[in-house]
Amino acid sequence: MNISSIKNLIRKNILDTPPSGIRKYFDLINEMKGAISLGIGEPDFETPWTIREEGIYSLEKGRTHYSSNAGFIELREEISRYMDRKYSLQYDPKDEILVTVGGSEAIDIAVRTFAGPGDEVIVPEPSFVAYKGCVMFTGATPVTIELKAKDRFKLKPEQILDAITEKTKAIIIGYPNNPTGATMDHDDYAALVEVLKDKDIIVISDELYAELTYQGKHASIAQFPEMKYKTIVINGFSKAFAMTGWRIGFVCCNAEILDQMKKIHQYALMCSPTTAQFAAIEALRNGEDEVRRMTEEYNRRRLIMVDGMRKAGLDCFEPVGAFYVFPDIRSTGMSSDSFCERLLLEEKVLMVPGNAFGACGEGFVRATYATSIENIREALIRIARFVKRIKK
Amino acid sequence: MKKELLNILKKNCRLTYDEMAVMLGVTAKEVQEAMKELDEKGIIIAYNALIDWEKVDDEIVTAYIEVRVTPQRGQGYDKVAERIYKYPQVTACCLMSGGFDLFVIVEGKNMKEVALFVAEKLAPIESVLSCSTHFVLKKYKENSVVFNGFHKDDREAVVL
């Protein structure tokens, strides 16, 4: 055997899964001086100090060992209280909560628990790039649904009905949504519950951006009793508490499901980083004021961003969650790719082409407002100049 | 709306009327009027820049002074406080609970200037019993802002 024959050994499912399209311009922007990136999908805030302090303290105390596979019980108890307090969802810390290595692991093990070769998993798009990848790795087929700007990128019951076949095992729902910033309220979910309640389909609900909801209250499909037992709720600390690098998230679902997911977590990861777990306990006990402060700041930037995109001449749906805007660039007559490439080369502003989040994202671009108001202000000036020039 | 406007201004008073209007969901004219009202009512007292004087050539010396005074009949501490805070060298003056009465911040070009001010102006005031002067050696944080706290945004330019 030689190096060139290694490829023959690699599973086809892995070879066939494309790398994230978001990283396309990475090298280009890294060489550029004075470029502004609106492509970063993480908070610009540092983790609040009280949270970092607890992590440091745990290291000083030498608390550097494994935790139980599911995570420290103190943390699971805090998560249980938090989910009840914030979203009126009750989960038993003993056997219905699993602490994971970020929301990403949670998505992976949830999909792996239910999908395999021959199965189908419904993935509404545009959505987080990892959903489809996780499904493809298992050998299952992702069945995509095209979310529409005219529906404010909400998922509609008839779209689910059209996508369901006898092979459907699960559907992955992600609201507040990356990249559109769309949210679903209680009534929106009620309509979905009507079509899902009698089906043997698992709902994987990625609610990582739940805290970043700017209008009304965050809703979860698990709040419907007829759905709770078959819904896997994924949440975490990365976005809300500005803890991306700590890699810590969690899953809540009924014990029947969680016992199985826990096995994958146990064998593949052992447990999530314990320093992050100690920090996370503090986040839930004393971090909420900081979350509110950050959310208020995001909200101000959100309004400036939407207003700026519209003034620049781009049609922009008003996002009410997460920290992204998803303007429609079709009026420029350009493709998402060429828009982003030219904007970067000519004005040194990086946005992510919408098609990186699914084919139906073509005609849109994603920009984050998780960056300083000064950056946003300057970026909007450059975008407006660029749009004016190409529309001439 | 006014409370939110104050929260915005507290963090950054260099936003334009238009930007604040977008953040508040009102018109720029309404923002302008609200700010005028807040100014007139004395709710917004000043729009100051926070400066790290250490980085400027002509350094400024700051002293925090604990002053013990005898309150005056019928006027309490207010009259003596006024006699102190009217000096332009005094940048802050508060009545305190605890071991002393007035907390006074004094700024000057150098230590000698501040010391002379204390010796010649502050201490001789009739009701002042004692002054304990502490010079500031280094400022770490003021008005919720960390000095030298700025660091480059070193996040990966694109993630996933």
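Biologist: Is B:N143 buried or exposed?

Modeller: B:N143 counts as exposed, because it has 7 C-beta neighbours inside 10 Å. The cut-offs: a residue is buried if 20 or more other C-beta atoms lie within 10 Å of its own, exposed if 12 or fewer, and partly exposed in between, with C-beta atoms placed from the backbone. Before we go on, this is a predicted model: local features need pLDDT of at least 70, side-chain atom pairs count only at pLDDT 80 or more, and totals for chains, interfaces and linings use all residues. Residues are numbered from 1 along each chain as its sequence is written, while chains are lettered from A and ligands numbered from 1 in the order in which they are written.

Biologist: Okay, and where does B:N143 lie?

Modeller: In the loop between β5 (141-142) and β6 (145-146) of chain B. Helices (H or I, at least four residues) and strands (E, at least two) are DSSP runs, numbered from the N terminus.

Biologist: Which phi value does A:F153 have?

Modeller: Near 60 degrees, again positive in a residue other than glycine. A:F153 lies in the loop between β4 (141-146) and α8 of chain A. A:F153 is buried, with 25 other C-beta atoms within 10 Å. Most residues other than glycine have a negative phi, and most peptide bonds are trans.

Biologist: Speaking of peptide bonds, what is the one from A:Y175 to A:P176?

Modeller: That one is cis, with omega near -10 degrees. The bond from A:N178 to A:P179 is cis too, with omega near 15 degrees. A:P176 is in the loop between β5 (168-174) and α9 of chain A, and A:P179 is found in the loop between β5 and α9 of chain A.

Biologist: Then α9(A) itself: which residues are buried?

Modeller: In α9 (residues 186-196) of chain A, they are A:Y189, A:L192 and A:L196. Looking down the axis of α9(A), they fall within an arc of 60 degrees, so they line one face of the helix. The arc is that of the directions from the helix axis to the C-beta atoms.

Biologist: What do they pack against?

Modeller: Against α8 (157-163), β6 (202-206) and α10 (225-228) of chain A. Contact here means that the C-beta atoms of two residues, placed from the backbone, lie within 7 Å.

Biologist: New topic: how far apart are the end C-alpha atoms of α5(A)?

Modeller: They are 20 Å apart in α5 (residues 73-87) of chain A, which agrees with the 21 Å that its 15 residues should span at 1.5 Å a residue. That expected span is 1.5 Å times one less than the number of residues.

Biologist: And which residues of α5(A) are buried?

Modeller: A:L75, A:R76, A:I79, A:S80 and A:M83. Those residues cover an arc of only 145 degrees around the axis, which puts them on the same side of α5(A). On the other side of α5(A), A:D84 and A:R85 are exposed. The cover over the buried residues includes β2 (97-100), β8 (249-252) and α12 (274-286) of chain A. Just after α5(A), A:S88 takes a positive phi of about 55 degrees.

Biologist: Let's zoom out. How is chain A divided into domains?

Modeller: Into domain 1 (3-46 + 289-391) and domain 2 (49-287); domain bounds come from an automatic or database domain assignment. The C-alpha centres of these two domains of chain A lie 24 Å apart. Their contact takes 35 residues from domain 1 of chain A and 34 residues from domain 2 of chain A. On the domain 1 side, α13(A) gives the most, with seven residues.

Biologist: What about chain B, how many of its residues are in contact with chain A?

Modeller: 11 residues of chain B are in contact with 21 residues of chain A. Helix α2 (residues 17-24) of chain B gives the most to the chain B side, with three residues.

Biologist: Last one: which residue is the bridge partner of A:Y324 in β12(A)?

Modeller: A:T368. Two bridges join β9(A) to β12(A), and the strands run antiparallel; strands pair if DSSP finds at least two bridges between them. β12 (residues 365-368) of chain A is covered on both faces, with A:V365 and A:A367 buried on one side and A:R366 and A:T368 buried on the other.
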